[in-house]
Amino acid sequence: MTKQVALVGGTGRLGTIIGQVIDELEGFEVVRVLTSSSDLAELDGADLVVDASTPQVSIDVVRAAVERGINVLVGTSGWSAERIALMRPLVDAAETGAVFIPNFSLGSVLGSALAAAAAPFFPSAEIIEAHRDTKTDSPSGTAVRTAELIAAARADLGPVNAPHADQRARGQQVASVPIHSLRRPGVIARQDIVLSGAGESLTFTHDTVDSAEAYAPGIRLAVPFALDARGVFVGLENMIDIGIQARS
């Protein structure tokens, strides 16, 4: 039986890509496309809710889905570990599933995982992320997730070295890692993770040059996974074996 998907934020850039991929997935059909201002009662009857709305609306979408006993796949940015933690009791009580994907790009997931694996060997870590000037939130969800993974990998060592972190020009600290956000035309998405130690540095760079091509493989993995999930999951790394045992 074809599973019915309600897509929130389906008219936006990411939502349009997700909708196109779902339409090509066997066994799934987007039956409702909602905007960020739609009445969430329209979620009734869906087998899966996919959220590509805005950071301000996303938490309401997740709550509405969970309250209806519907699993939800979240591609919206702005979900920190603290914010996700608020959803865990609701998801567990409802015996549903909520899957949060900071970035649907497999390359981005690999870059962040590799950086987290290397982070315990370097005392300093900083992230520079760039998105198009129409992105309304900063730092990006990908950068937040990367910083959280780095901090988890260094849990036994303590926070990274971030001198003069009280100065605004030093970026926003997430889990002790300074993040510098660029919002400019002519870019889709780029993240540089710079690890530094005595006499050397190591940089992991991921550059998205075509969002539809980059995100499609991750969306194909995430949609079926989210349909059957129970509990809260964060990141595509739950769906692929990347051969790295990093804390999350």
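Predicted model: local features only at pLDDT ≥ 70, side-chain atom pairs only at ≥ 80, totals over all residues.
Biologist: At what angle do the axes of helix α4 and helix α5 cross?
Modeller: Helix α4 covers residues 106-118 and helix α5 covers residues 141-153. Their axes come within 8 Å of each other. The crossing angle is roughly 30°.

Biologist: Is α4 roughly parallel or roughly antiparallel to α5?
Modeller: Angles under 35 degrees count as roughly parallel, and those over 145 as roughly antiparallel. The axes of α4 and α5 cross at roughly 30°. Therefore α4 is, relative to α5, roughly parallel.

Biologist: Is the crossing of α4 and α5 left-handed or right-handed, and which residues of α4 make the contact?
Modeller: The α4 and α5 helices cross in the right-handed sense. On the α5 side, the contact is made by Thr142, Thr146, Leu149, Ile150 and Ala153. On the α4 side, the residues are Ser108, Ser112 and Ala116.

Biologist: How many charged residues are in the contact of α4 with α5?
Modeller: By class, this contact has 4 nonpolar residues and 4 polar ones. The number of charged residues in the contact of α4 with α5 is none.

Biologist: Which strands stand at the edges of the open sheet of 5 strands?
Modeller: The strand order is β7-β8-β6-β9-β10, with mixed pairing. Each edge strand has a single partner strand, so one side of it is left without a neighbour in the sheet. The edge strands are β7 (172-174) and β10 (200-208).

Biologist: What is the bridge partner of Gln173 in β8?
Modeller: Strands β7 and β8 (residues 177-183) run antiparallel and are joined by 3 bridges. The partner of Gln173 in β8 is Pro178.

Biologist: How many bridges join β6 to β9, and what is the partner of Ala130?
Modeller: Strands β6 and β9 run antiparallel, with 8 bridges joining them. In β9, Ala130 has as its bridge partner Arg190.

Biologist: Which residue in the hairpin of β9 and β10 takes a positive phi?
Modeller: Strands β9 and β10 pair in the antiparallel sense over 9 bridges, and Ser196 stands opposite Ser201 in β10. The hairpin has 2 residues between the strands. The residue with a positive phi, near 80°, is Gly199.

Biologist: Is the peptide bond from Ser138 to Pro139 cis or trans?
Modeller: Pro139 lies in the loop between β6 (124-131) and α5. Omega for the bond from Ser138 to Pro139 is near -5°. The bond is cis.

Biologist: Is His164 buried or exposed?
Modeller: His164 is in the loop between α5 and β7, and has a positive phi of about 60° although it is not a glycine. Exposed means over 50% relative accessible area. His164 has a relative accessibility of 53%, so it counts as exposed.

Biologist: Is Ser176 buried or exposed?
Modeller: Ser176 is in the loop between β7 and β8. Ser176 is not a glycine, yet it has a positive phi of about 80°. Buried means under 20% relative accessible area. Ser176 has a relative accessibility of 17%, so it counts as buried.

Key:
Residues numbered from 1 in each chain as written. Heavy atoms only, no water. Axes fitted to C-alpha atoms, helices over the stretch in contact; angles between N-to-C directions. Helix = DSSP H or I, 4+ residues; strand = E, 2+ residues; numbered from the N terminus. Parallel < 35°, antiparallel > 145°, perpendicular 65-115°, else oblique. Left-handed = near helix turned anticlockwise from the far one by under 90°. Contact = heavy atoms within 4.5 Å. Nonpolar A, V, L, I, M, F, W, Y, C, P; charged D, E, K, R; others polar. Pairing = 2+ DSSP bridges. Buried < 20%, exposed > 50% of the residue type's maximum accessible area, 1.4 Å probe, protein only.
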